[in-house]
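I opened a new notebook page for this structure. These are my entries, in the order I looked things up.

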Amino acid sequence: MWGAIGWFGWTLGCVSLYFDRMNASRLESALDAWRADLEPARVRTDQETLTACMQNAGAVERNIPAVLFPKSTEEVRKLVLTANRFQAPVHPISGGKNWGLGSRLPVRDGTVVVDLGGMNRIREFDVRHRYAVVEAGVTQRELYERILGERAPLLLNVTGAPGDTSLVGNALERGVGYFASRADGLSGLEVVLGNGQVIRTGFGHFAGSRLTHLCRHGVGPSLDGLFVESCFGIVTAAGFDLIAAPEAHAVMISKIARPELLGDFIDALAALRRCGALNSVVHVGNRERTEIILAPLLLEQLHPGADGSDPALRRQMKERLAAEGFGPWSAVGALMGSRAQVREAKARVRAALKGFAKTIFLDDGTVALAKRLGRALNFIPWVRGREAMLAAVEPLYGLARGIPTDAAMKSVYWPVGETQQAGDQNPDHSHSGLLFCVPMLPADGAAARDAVARVESTYARYGFTPYITLNMVEDRFIETVINLAFDRNDPERVKAAHACNDELTAAFVRDGLIPYRVGVQSMGQVVDPADPFWQTVGELKKALDPNGIIAPGRYCP
């Protein structure tokens, strides 16, 4: 019997070795063909490029054999046809800054990465109809600078991520901006399907269409949603909605003093969203989340060049934030409209939160006045402290004006006491680990309380601090962002971090609170091959990508 088992194992080993060699041969042939499709310098297999691509804040391990750098839709089409010819799977990225969810990594080993960062043209910019057509590599900062350059009365739906993060890539991951979900603002997608065909969604496939980015659904079945969180094709360009700049605006900052008030706080904020008094996404963060965002910014103002790992300075920043009234939960949201509408909205917010939350409003006028007073009275220590706090908050206040900022990235490094390297906004290059758990919740106080209790108890068992943001995207649902910070230099903490994140995600799924996106290592927690929904996704995959060469395993059985 043992002889038979040994023979069977030897046979399996031989078969595996045969397929490994066959795959290696196919890859080498594909690389030669891709060098002809692009040019040799844009087909990279050197160790420096591959190592940089495989580094990631989540400490996930993947083997990547090559990185391709196309510069046009035609080059993407050619490389996809080549990938089909040699059965060489590819994984597209825009900026590759999907931190905490995999960064640049594909779901499966051996997948070649296609970096679309070189496709960075703004093809159209329509002020009257409030949209831009951008290629996959266009960043937040590039579109914002175009708005400034045109002096257009428009706002960009920014995220808290740095200015050099991509627009299309984030929207296709259903990223949530300061004002709304980004996926809802896409139109007229240009897509290279897995079979090599190029299609345009909505009205975009009609020659001379004047409605492609005005009415996103077109005529016939709406295909846009097929390419959000999917692996059917490579989106090379899309329309991206812009927002009309309002006559007046203000930013609400509201804080509660006791954690047991969270349920009432959420219910009141949901009511304010329903009545339109708050007309942006409302971001509600716990004390720990507020600290890691504001503490490094405040330290930078009070002690320029200081090391964020100094325990005494860290304690001092924490005490200063507590003195400013940042208690267990704080909320930030925007009020926009005419001057009369903003005045009315402020009154509604004050009335709704009176008695259990302390609320202030900032606008351009109050910020400018505070700066003038700070300069005039800077000789008073208390004033200097207030001036430093305003300077720390100002970049975050700018998000309400559609201004991208790199400031919030310091929050990734603060929990492990790491000092961010000058000029480097990429945590993939650090030892600061980051994982996200992002379940969706009803916009309901009881649901929020229960979810927070679950996070706190799970993190406590693993010895982690929960950094929680409850993003009220609409009046009916909340996108929860739970940051898990850990030291990537400590193998035991890496292992514990992944176990904690997996357990928490699984618990939320069991409770019917499904994450709206997952990391590359966690697809199995949402994709069930026995579910008719995912079976249908698999059938669509066969139709649009018959050889399965686009991002295998990504949101697909």
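**Whole chain**

I began with burial: 53% of the 557 residues of the chain count as buried (buried is under 20% relative accessible area, exposed over 50%, partly exposed in between, with a 1.4 Å probe and protein chains only). I note that this is a predicted model, where local features need pLDDT of at least 70, side-chain atom pairs count only at pLDDT 80 or more, and totals for chains, interfaces and linings use all residues. Residues are numbered from 1 along each chain as its sequence is written, and side-chain values use heavy atoms, with hydrogens and water left out.

I counted 15 helices and 19 strands in the chain. Both are DSSP runs numbered from the N terminus: helices are H or I with at least four residues, strands are E with at least two. The radius of gyration is 25 Å, close to the 24 Å from the globule rule for 557 residues, so the chain is as compact as a globular protein of that length. That radius is taken over C-alpha atoms, and the rule is 2.2 Å times the number of residues to the power 0.38. Along its principal axes, the C-alpha trace spans about 80 × 65 × 45 Å.

I then looked at contacts (heavy atoms within 4.5 Å). Among those between residues at least 6 apart in sequence, 72% join residues at least 24 apart.

**Helix 4**

Which residues of helix 4 (residues 140-150) are buried? I found Gln-140, Leu-143, Tyr-144 and Ile-147. They cover an arc of only 100 degrees around the axis, so they sit on the same side of helix 4. The arc is that of the directions from the helix axis to the C-beta atoms. An α-helix has 3.6 residues a turn, so residues three or four places apart point the same way.

I checked what covers these buried residues. The cover includes strand 5 (122-126), strand 6 (131-135), strand 7 (154-155), helix 5 (167-172) and strand 10 (233-241). Arg-151 follows helix 4, and its phi is positive, near 50 degrees.

**Two single residues**

Is His-498 buried or exposed? His-498 is buried, because its relative accessible area is 16%. I placed His-498 in helix 14 (residues 491-510). Leaving aside neighbours within four places in sequence, His-498 is in contact with Gly-58, Ala-59, Val-60, Leu-435 and Gln-521.

Glu-300 is in helix 7 (residues 287-302). Glu-300 is partly exposed, because its relative accessible area is 39%. I also looked up Phe-326, 26 residues from Glu-300 along the chain: their C-alpha atoms are separated by 19 Å.
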